[in-house]
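Morning, everyone. I have one structure to show you today. Please look at it on the screen while I talk.

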Amino acid sequence: MFVTIGIVVGVVAGVAGVVIGALALWQARGAVGDRSRTQAVEGAGSPGDLRAIRDVAVFRYDALEEMTGQLSFSVALMNGLGDGIVLTSINGHSEARTYVRPLRGGKGRQPLSPEEEHAVRAARLGLGPEAEPHFGRE
């Protein structure tokens with residue numbers, strides 16, 4: 001019975017993680033669209049508000065061998081100065097863990113995982129809201 005409850009809790013946590021990731025992606029795409037429209041209004045020579053969130057990327061991956069389907073993700077949200085956060089959700093069968101790490105000047109104020117580094121790099125390079133699954137991997 002406890003195993004069944006654990007599986008149900010794990011599935012619910014995993015689904016919640018996917019929903020959060022989908023919402024973040026949807027908001028990121030909207031933010032990128034808003035930024036594009038703002039740039040068109042401001043003109044190409046104007047940098048806009050450097051404190052506004054403008055660099056966004058979502059990097060999906062398989063964090064655990066037991067879970068496939070790239071349900072884990074890292075989302076980088078930064079302003080023009082490289083300040084912001086990286087939101088990471090590690091999803092497994094029986095649990096999901098979520099972490100937030102601050103960024104300053106495009107660098108983690110705490111050590112970042114390789115996947116978080118990929119999300120930050122993709123956001124800074126303007127590769128779009130959804131980074132390729134194998135971005136930067138050899």
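I'll go through the sheet, then the cores, then a few single residues.

One caution before that: this is a predicted model.

Let's begin with the sheet. Five strands make an open sheet, and their order is S1-S2-S3-S4-S5. The pairing is antiparallel. Which strands stand at the edges? S1 and S5, the latter at residues 107-108. Each has a single partner strand, so one side of each has no neighbour in the sheet. As a reminder, strands of a sheet pair through backbone hydrogen bonds, either parallel or antiparallel.

Now the pairs. S1 and S2 are antiparallel and share eight bridges. Two examples. Tyr61 has Ser72 of S2 as its bridge partner.

Move on to S2 and S3. S3 covers residues 84-91, and six bridges join it to S2 in antiparallel fashion. Met78 is bridged to Gly84 of S3. Phe73 sits opposite Ser89 in S3. The hairpin of S2 and S3 has four residues between the strands. Look at Gly82 there: its phi is positive, near 85 degrees.

Are these strands buried or exposed? In S1, seven of the nine residues are buried, so the rest of the structure largely encloses this strand. Keep that in mind, because S1 is also an edge strand, with a single partner. S2 is mostly covered too, with seven of its eight residues buried.

Next, the cores. In general, nonpolar side chains in soluble globular proteins tend to be buried together. Here the largest nonpolar core has 13 residues. Which members touch the most others? Phe59, Ala76, Met78, Val86, Leu103, Val120 and Ala123. At least two core residues come from each of S1 (53-61), S2 (72-79) and helix H2 (114-124). H2 gives the most, with four residues.

Leaving out residues up to four places away in sequence, Met78 touches Leu103, Val120 and Ala123, among others. The list also includes Arg54, Asp55, Asp83 and Arg124.

Now Glu116. This residue is in helix H2. Why do we call Glu116 buried? Because its relative accessibility is 2%, and the cut-off for buried is under 20%. Its contacts, again leaving out residues up to four places away, are Ser74, Val86, Thr88, Arg101 and Pro111.

Compare Arg51. Arg51 lies in the loop between helix H1 (2-42) and S1. Its relative accessibility is 65%, so Arg51 counts as exposed. The C-alpha atoms of Arg51 and Gly80 are 6.1 Å apart. Along the chain, these two are 29 residues apart.

Last, the surface. Which residues form the nonpolar patch? Ile7, Val11, Val15, Val19, Leu23 and Trp26. Together they have about 620 Å² of accessible area. Take Val19 from that group. Val19 is in helix H1. At 43% relative accessibility, Val19 counts as partly exposed.

Definitions and conventions:
Residues are numbered from 1 along each chain as its sequence is written. This is a predicted model: local features need pLDDT of at least 70, side-chain atom pairs count only at pLDDT 80 or more; totals for chains, interfaces and linings use all residues. Side-chain values use heavy atoms; hydrogens and water are left out. A nonpolar core is a set of buried Ala, Val, Leu, Ile, Met, Phe, Trp, Tyr and Cys residues joined through side-chain atoms within 4.5 Å. Buried means under 20% relative accessible area, exposed over 50%, partly exposed in between (1.4 Å probe, protein chains only). Contact means heavy atoms within 4.5 Å. Patches are made of residues with over 30% relative accessible area and no salt bridge: like charges are joined within 9 Å, nonpolar side chains (Val, Leu, Ile, Met, Phe, Trp, Tyr) within 5 Å. Accessible areas come from the Shrake-Rupley method with a 1.4 Å probe; for residues, only the protein chains shown count as cover. A salt bridge is a side-chain nitrogen of Lys or Arg within 4 Å of a carboxyl oxygen of Asp or Glu. Two strands pair if DSSP finds at least two bridges between them.
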